[in-house]
Amino acid sequence: MDTIQEKRLDEQGLKLHFIQSKKFKTITFVAKIKAKLDKETITKRALLPYILKQGTKTYPDRSALQLKLDDLYGAVLTADGGKKGENHIITIRLEFANEKFIPDASNVMDEAIRLFSEVLFHPNAGKNGFDDAVFKREVGTLKQKINAIQDDKMSYANMRLIDEMCKEEAYQLHVHGYEEDLNSLMNEDLYNYYQQMLKQDEMDIYVLGDFVEEKVKHIIKDTMQRTVQQGTSTVNAVTKKPVSEQQEIIEKQQVQQAKLHIGYRTNTTYQDDAYFALQVFNGLFGGFPSSKLFINVREKNSLAYYASSRLESHKGLLFVFSGIAPDDFEKARDIIRLQVQAMKDGDFTEQELNETKDLIINQLKETMDHPQGLIEILYQQVIGKRLMTPTELLDGIQNVTKEEVVQVAGKVEEDTVYLLTSEGGEQGE
Amino acid sequence: MNKQTYESIGETLYSEKLDNGLTVFLLPKPEMTKSFGIFSTNYGSIDQTFVPLGESAEITVPEGVAHFLEHKLFEKEDRDVFADFGKQGASPNAYTSFTKTAYLFSATSQIEKNVETLIDFVQDPYFSEQSVEKEKGIIAQEIKMYDDQPDWQAFMGTIKSMFQNHPVKIDIAGTVESITSITKDDLYTCYHTFYHPENMTLFVVGNFEVEQMMEMITLNQKEKSFDKMAELKRDFPEEPREVAMKENTIHMPVSIPKCTIGIKDSDTELEKEEFLRRDLLGSMILSHFFSTGGEFYQELYKADLIDDSFYFETNLERNFGYSMIGSNTAKPEEFAAKIKEQLLSTKKYALTDEVFERMKKKKIGQLLRAMNSLEFIANKYIHYHTMGINLFEIIPAIQGLSLDDAQAFLKEWIAEERLAVCTISAAKG
């Protein structure tokens, strides 16, 4: 088994992270571009990744770009935006086959890095902005994406829960942006914002695989550089909102199955020493098929097919998700509340505690066996502004005691119950 | 124990067919942290009509039995198997597809023990009237969840519009009505017929000691006795070449219509060389035309007929096969007409050597990238093995494809009577 060594370098305005590993048949490049969540910029940031993957200076449209990717043995380019705590992160990834597994292939690495750098720094754009047809087309695509959330009831219920729960906080901003802001967005403004982003955002670049470091460094030096300006990108301290009053929101739509989602404040984040205990709390409570939620909501009471929980590590939130028959709302809600209380009361055995720690460690190790998964775990340190090697993370989980879990459970507060249910008496078509 | 080394991709595979008929594959990957084990039976939702082992008359079981059985194998008289794995730091899961039922786990420790637990729980069924009744509530919620998912409805709607008689058109989980009639006897009948070691494959990949593992498995199987296996008689109705419905519209509340074009494969029950050629060329050609930047994709994109939900897939099985191309689209009629026109034009399409070589490179790179995943390797190895094909010999098979093969494939690929269109849209008014 490899131990994971992350080598950090600060060069040419870029934070480089090199991770050597023989586990994979590919080399992975990932750029992470971070800024604080802001209503002013979120729509632009949601749109940018879609535009960047449509073409570069040398490969001006998506066909030309794709031909190049195909030529590089089916290299895969993806780009998207996401929320982590009160940050917005644009991620651009390029994964390509390691040439050592392909007879007669050479230069794949060199060309792939050059291509990656082009996508990031040299899009197909002129003085007045990005290619106009691409801009218009991607605005349309993003609008459809914004609307299509309604069609995935699980995502929709989750979005609505956060809307209601985090009304006054930056975290409630929708990751795909807003239609009204798209309508008034000019191509030129977007391009200016892109330029500003390149200068001001925090930019981390990860390289993972079996590669010769000097060679990669050399190509990066050759192709990527930026002048960093001190900008506005420093992230505000996370808003910590006390729960003043619990709320219950019920919405009706034409659905077969009701979605009961509940949001909690954990009052504990990645930066806290109790973070490890919080992970274990979540594992015991709803993270696994052996957890309280699954056993009690599904197995003992046959109320749901799925019932689980998930943490938001940087903002300090906990979400419960379940899909239930509309008539079972009160029953399911009360059973879920009983499970939270049981956690606070320390109603779990040492054996369950140890098994759960093993499951979490297993899950983390598995994630580290996956190129994108490993990079996501390493990047948590940048978001959380806390250095924690994978080994420290695993040890931290291993050392959690029952008292610590009960203590962290004591800080968990229910904030919002959200129910999406069927329209009274009607059975949807 | 047979040992086969595949130098070009750096893998060594061990295999053995045990006395009771069970086929075992072990692929050690000491560089990985995790291991993955899968125990799979060649039995899925399409195996609905058959002669039970030891009997002579053919029966037809209720829709959804294979999937129901999958759920129930996890529950034993005194315990839940999820908890057994949980105690050993492993995450178990299972799935039922059209053609397979598979039980699996991943873990980073106690691999041998977990493999033993996997084999033992699958080979020790316990079904009671009471536990069968209890499961009906859970599965009903699973079915309701799928009822609300437009993507799943589009997928099954397209399958149903393609196939007239073949049981692939049956919902894998069955319907709320069909599962009501399932009894514990149905489960035992299907179990004894299809879970015979002769009909099953065990694949373990990851970080473990090969000799010891094989010894444990062999010993474990020696201690159990099974009925003598007779030839499995499954019955499939005649399936005409033409699709069942050229157009199929399903109404459900969606914000934007979804349109899918299904291509029904012409011939099935192919010899293995021909099967692999079709399988590879089918996916390479779809990807050539329809992947981002592909010629047809570009036309659809420019005509504003698709957004980033656009997808395509192809699936070739022993006695049925299909491909699908679909997207969210504001103009489903135009989308369908355009794709049909594009597909019909491929009969006369001329590929060049240069283009075909690039297609091969892309396919090879995709395969290498997918092989980063232990799950992919194990699942796909079993899938191809069922057809007599070796996953690890596919890269040379791709390199060996000729332009003539591709041209010949294109000539026969599309026929108007084998195309179906399925549209999901909100009800009018």
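I began with the domains: chain B splits into domain 1 (2-234) and domain 2 (247-425), with bounds from an automatic or database domain assignment. Their centres, taken over C-alpha atoms, are 28 Å apart.

I noted that this is a predicted model, where local features need pLDDT of at least 70, side-chain atom pairs count only at pLDDT 80 or more, and totals for chains, interfaces and linings use all residues. Residues are numbered from 1 along each chain as its sequence is written, while chains are lettered from A and ligands numbered from 1 in the order in which they are written.

Next I looked up where the domains touch. Domain 1 of chain B brings 29 residues to the contact and domain 2 of chain B brings 27 (contact: C-beta atoms, placed from the backbone, within 7 Å). On the domain 1 side, the elements giving two or more residues include strand S2 (11-17) and helix H5 (150-162) of chain B. H5(B) gives the most, with eight residues. Helices (H or I, at least four residues) and strands (E, at least two) are DSSP runs, numbered from the N terminus.

Then I turned to the whole chain. I found 15 helices and 15 strands in chain B. The C-alpha trace spans about 65 × 55 × 40 Å along its principal axes.

Three strands of chain B form an open sheet in the order S6-S5-S10, with antiparallel pairing (strands pair if DSSP finds at least two bridges between them). S6 (59-60) and S10 (233-234) of chain B are the edges; each has a single partner strand, so one side of each lacks a neighbour in the sheet. Thr49(B) has Thr60(B) in S6(B) as its bridge partner.

Notes:
Contact = placed C-beta atoms within 7 Å.
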